[in-house]
Amino acid sequence: MSNETTKIPVCPVSELEPGDRRIIEHDGEFLAVINCDGELFGIEDRCSHDDGPLAEGDIDQTECTVECPRHGSLFDLRTGKPKTLPAYQPVKTFPVEVIDDTITLEVQ
Ligand code: FES
């Protein structure tokens, strides 16, 4: 398996306000960047419980969590770990960088 990373451009940084999300597709997987109170987090857009569209859920900018719209598990955006059931396994997280005013996600 290769350890090479790919930087995927997502959108101009000015287009993602605090509390917003941007979902993209890469190699058949859905990924999201979420702006939580000015900090950017990259997360898999697929709940570890039952494949729910995680990044479409409610974002709590104080707690830095997203709530799965399907069964309500809360996930910590910083770690990808669920804070509440029914999910108990983490989702993938990805490094986010701003390069020349463009938000980029780093994936392997
Ligand atoms: S699919 Fe996300 S909590 Fe069930």
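**Overall fold and nonpolar core**

Read along the sequence, the protein follows the pattern β-β-β-β-β-β-β-β-β-β. The secondary structure of this predicted model thus comprises 10 strands and zero helices.

The overall dimensions were examined next. Along its principal axes, the C-alpha trace spans about 40 × 35 × 20 Å. Of the 108 residues, 31% count as buried. Contacts were also considered according to the separation of the partners in sequence. Among contacts between residues at least 6 apart in sequence, 39% join residues that are at least 24 apart.

The largest nonpolar core contains 22 residues. Within this core, the members that touch the most other members are Val33, Ile34, Phe41, Ile43, Leu54, Val66 and Leu77. Two or more residues are contributed to the core by each of strand S3 (29-36), strand S4 (39-44) and strand S10 (102-107). The greatest contribution comes from S3, which provides five residues.

Val66 illustrates the contacts made by one of these core members. When residues up to four places away in sequence are not counted, Val66 touches Ile34, Leu54, Ala55, Gly57, Ile59, Phe75 and Leu77. Among these partners of Val66, Ile34, Leu54 and Leu77 are themselves listed with the core residues that touch the most other members.

Key. Residues are numbered from 1 along each chain as its sequence is written. This is a predicted model: local features need pLDDT of at least 70, side-chain atom pairs count only at pLDDT 80 or more; totals for chains, interfaces and linings use all residues. Helices (H or I, at least four residues) and strands (E, at least two) are DSSP runs, numbered from the N terminus. A residue is buried if 20 or more other C-beta atoms lie within 10 Å of its own, exposed if 12 or fewer, and partly exposed in between; C-beta atoms are placed from the backbone. Two residues are in contact if their C-beta atoms, placed from the backbone, lie within 7 Å. A nonpolar core is a set of buried Ala, Val, Leu, Ile, Met, Phe, Trp, Tyr and Cys residues joined through C-beta atoms within 7 Å.
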